[in-house]
Amino acid sequence: MLEIEDLHAGYGGPTVLKGLSIRVEAGEFVSIVGPNGAGKTTLFKTISGILSPTAGRIRFDGRDLLAVRPSERPHLGIAHVPEGRQVFPSLSVMDNLEMGASTAAGRRDWVRNRRRILDLFPILGERSGQPAGTLSGGQQQMVAIARGLASSPRLLMLDEPSMGLAPAISEQIFERLAEIHRDGIAILLVEQRVAEALASADRGYVLEGGRIALEGDYEVLSGDDRVRQAYLGL
Ligand code: ATP
């Protein structure tokens with residue numbers, strides 16, 4: 001579904017992504033882990049179009065994604081849940097979700113998606129009229145994920161959804177991601193909580209210095225000595 005080949009990108013200074021290649025199949029759950037500054041957020045920015053790569057190819061459903069305007073990309077079925085959540089703080093929880101439903105598929109499926117979202121995150125139903133900025137960090141993360149789901153995506157990209165959350169809350173978030181995956185939505189997750197991210201995924205990549213250093217399923221990655229020492233603390 002998503003194929004990225006030999007991607008190079010940066011911010012005008014030293015190149016951040018230096019020939020990165022990854023793929024995500026339809027309905028697959030893929031995690032990308034790596035140290036701070038490895039380029040994980042930069043990768044997501046190039047997929048959603050906030051940043052233009054200097055070289056390489058991104059294809060979505062066989063189509064050249066780099067030829068599609070950034071504002072059009074959500075309409076293809078790609079939802080980006082950004083780092084730091086970025087909910088609209090003064091809008092109500094429900095208005096935040098409706099903002100996500102601005103794609104044609106999101107409008108068409110709104111009633112069904114809203115029901116599923118409130119089933120996944122019942123607290124958002126209880127808080128639906130409250131300004132999103134007054135919610136806890138974990139609840140705001142739920143709003144950010146739910147806003148992505150409201151667009152009826154086929155690929156949900158999440159940038160460090162567990163950031164700043166207590167372990168019990170991030171565990172809940174990982175459980176919900178597993179349910180979303182079971183609904184058939186492909187997930188591309190970038191995470192610092194390496195053990196959870198790799199255990200949840202069908203496949204994982206280790207991103208280091210702007211390139212993929214290692215790829216495999218949980219068994220392969222958790223069996224790698226360097227991954228065990230550097231990321232799993234084993
Ligand atoms: P983190 O977990 O710290 O967010 P990351 O793997 O997501 O790490 P990126 O945010 O992609 O890493 O950053 C990769 C490199 O690009 C870092 O060296 C960072 O300083 C640099 N960088 C990120 N954003 C910008 C920007 N807007 N302008 C210039 N340099 C940037």
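At what angle do helix H3 and helix H7 pack, and how far apart are their axes? The legends below begin with this pair. The model is predicted, and local features need pLDDT of at least 70, side-chain atom pairs count only at pLDDT 80 or more, and totals for chains, interfaces and linings use all residues. Residues are numbered from 1 along each chain as its sequence is written, and side-chain values use heavy atoms, without hydrogens and water.

**View 1. Packing of helix H3 (residues 93–100) on helix H7 (residues 137–149).** The two helices pack at an angle of about 35 degrees, with their axes 7 Å apart. Axes are lines fitted to C-alpha atoms, for helices over the stretch in contact, and angles run from 0 to 180 degrees between N-to-C directions. Helices (H or I, at least four residues) and strands (E, at least two) are DSSP runs, numbered from the N terminus.

**View 2. Residues in the contact of H3 with H7.** H3 contributes Val 93, Asn 96, Leu 97 and Gly 100, while H7 contributes Val 143, Ala 146 and Arg 147. Contact means heavy atoms within 4.5 Å.

**View 3. The open sheet of six strands.** The strand order is S6-S7-S8-S3-S9-S10, with mixed pairing. Strands pair if DSSP finds at least two bridges between them. Strand S6 (78–81) and strand S10 (211–216) are the edge strands, each pairing on one side only.

**View 4. Pairing of S6 with strand S7 (residues 155–159).** These strands pair in the parallel sense over four bridges. His 80 stands opposite Met 157 in S7.
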